[in-house]
Amino acid sequence: MGGNELNKPLLNKVYHVNCPGCYVDQKKELQTGLPIKQVFCIWVMALSVTLPISSLFPFLYFMIRDFNIAEEEEDISYYAGYVGSAYMIGRALTSVLWGVVADRYGRKPVILLSTSAVVIFNTLFGFSVNYRMAIITRFFLGFLNGLLGPIKAYACELLREDHQALALSSISTAWGIGLVIGPALGGFLAQPAEKFPSLVSSDSLLGRFPYSLPCLCISIFTLFVTIGAIWLPETLHFHKKNKLESAWDVPDAEEKTDEKTDSTLMSLFKNWPLMSSIIVYCVFSLHDMAYTEIFSLWAVSPKSLGGLNYSTDDVGTVLSITGVGLLLFQTSLYPVAERIFSPIMVARISGRRFFSSSI
């Protein structure tokens with residue numbers, strides 16, 4: 001072979017010297033034991049972009065109230081809905097784009113950009129001085145956050161096949177823990193001048209921006225994650241396949257033609273199992289986010305408007321308990337149910353329970 005390639009005779013594979021993906025593949029072949037360090041890195045990165053999703057809901061009602069944009073008190077929830085949905089609108093517009101960027105230019109640039117966006121725009125959101133600034137910062141926080149898709153591909157490429165399930169489950173666990181810690185931070189750290197008058201004065205920076213402290217805590221944590229991500233290895237292959245690799249990956253011309261045909265955009269929409277799984281995921285995501293936001297707004301609304309008149313502490317506590325329940329289910333009950341009933345049956349049972357409870 002040429003000077004730019006290294007052969008792995010045992011597995012009959014070709015590794016390129018200057019390709020980061022090949023370097024990671026070589027290291028994977030030598031992995032022994034449980035890759036705790038790699039799994040922890042994946043978990044921390046997923047957690048850093050999950051925390052801002054739910055941290056605002058305990059104090060969102062009070063933030064909109066302080067902006068004095070609602071003419072009537074019952075209109076506060078109307079304006080709060082736009083701020084809460086701005087993040088997801090931004091993500092919906094660019095999620096596919098960030099996946100394409102990750103496949104073309106690498107996983108690591110998307111990871112660094114996403115965590116940096118959290119540091120910048122989550123901090124700016126905490127220091128919002130008006131309603132427009134709150135919507136814009138939340139929108140760009142989601143618009144530039146493309147990590148949750150590529151991080152799953154990164155997890156599969158970084159670890160051996162027998163450890164990939166562990167890596168993917170760590171991402172789900174990070175989501176569950178984010179639903180516990182995020183609302184807790186937003187509920188207990190918002191309005192510090194009112195809750196801790198002996199520590200924070202009303203004239204201080206945190207007193208003048210009462211919703212900046214939880215955002216700052218998340219941004220500082222994500223800043224350390226961003227700095228640590230600089231030393232992460234890239235897993236994407238940056239080389240063209242030669243004849244030997246083509247023969248290894250694509251045994252005959254018929255399979256190669258089928259692969260090219262299946263890669264078209266229309267074939268994705270015609271893939272009914274894929275589209276049905278996406279639809280199911282959308283429905284359950286709608287249920288998840290609707291509960292988190294609608295409950296929060298209802299709980300903090302005054303009793304004269306039919307609410308519960310909760311404080312930010314109360315809402316943060318309830319949402320954290322919900323997150324703990326989800327986390328316990330994912331880590332203990334779901335694996336057992338999946339082995340007994342299969343993933344599809346579990347989804348069907350959950351769907352029936354969801355629709356019956358909604359009705």
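Reader: Why is Ser212 called buried?

Author: Buried means under 20% relative accessible area, exposed means over 50%, and partly exposed lies in between, with a 1.4 Å probe and protein chains only. Ser212 has a relative accessible area of 1%, so it is buried. This is a predicted model, in which local features need pLDDT of at least 70, side-chain atom pairs count only at pLDDT 80 or more, and totals for chains, interfaces and linings use all residues. Residues are numbered from 1 along each chain as its sequence is written, and side-chain values use heavy atoms, with hydrogens and water left out.

Reader: What is Ser212 in contact with, leaving aside its neighbours within four places in sequence?

Author: With contact meaning heavy atoms within 4.5 Å, Ser212 is in contact with Gly126, Phe127 and Leu206.

Reader: Which residues form a nonpolar patch on the surface with Leu223, and what is their accessible area together?

Author: Ile220, Leu223, Phe224, Ile227, Ile230 and Trp231 form the patch, with about 670 Å² together. Such a patch joins nonpolar side chains (Val, Leu, Ile, Met, Phe, Trp, Tyr) within 5 Å, from residues with over 30% relative accessible area and no salt bridge, while like charges are joined within 9 Å. A salt bridge would be a side-chain nitrogen of Lys or Arg within 4 Å of a carboxyl oxygen of Asp or Glu, and the areas come from the Shrake-Rupley method with a 1.4 Å probe, only the protein chains shown counting as cover for residues.

Reader: How far apart are the C-alpha atoms of Leu223 and Thr115?

Author: They are separated by 7.4 Å, although the two residues are 108 residues apart along the chain.

Reader: What is the average pLDDT of the protein chain?

Author: On pLDDT, the predictor's confidence in each residue from 0 to 100, the protein chain averages 80, and 84% of the residues score at least 70. Over residues 1-11 the pLDDT is below 50, yet this stretch has 23 contacts in the model beyond near neighbours in sequence. Where pLDDT is low, the predicted coordinates should not be read in detail.
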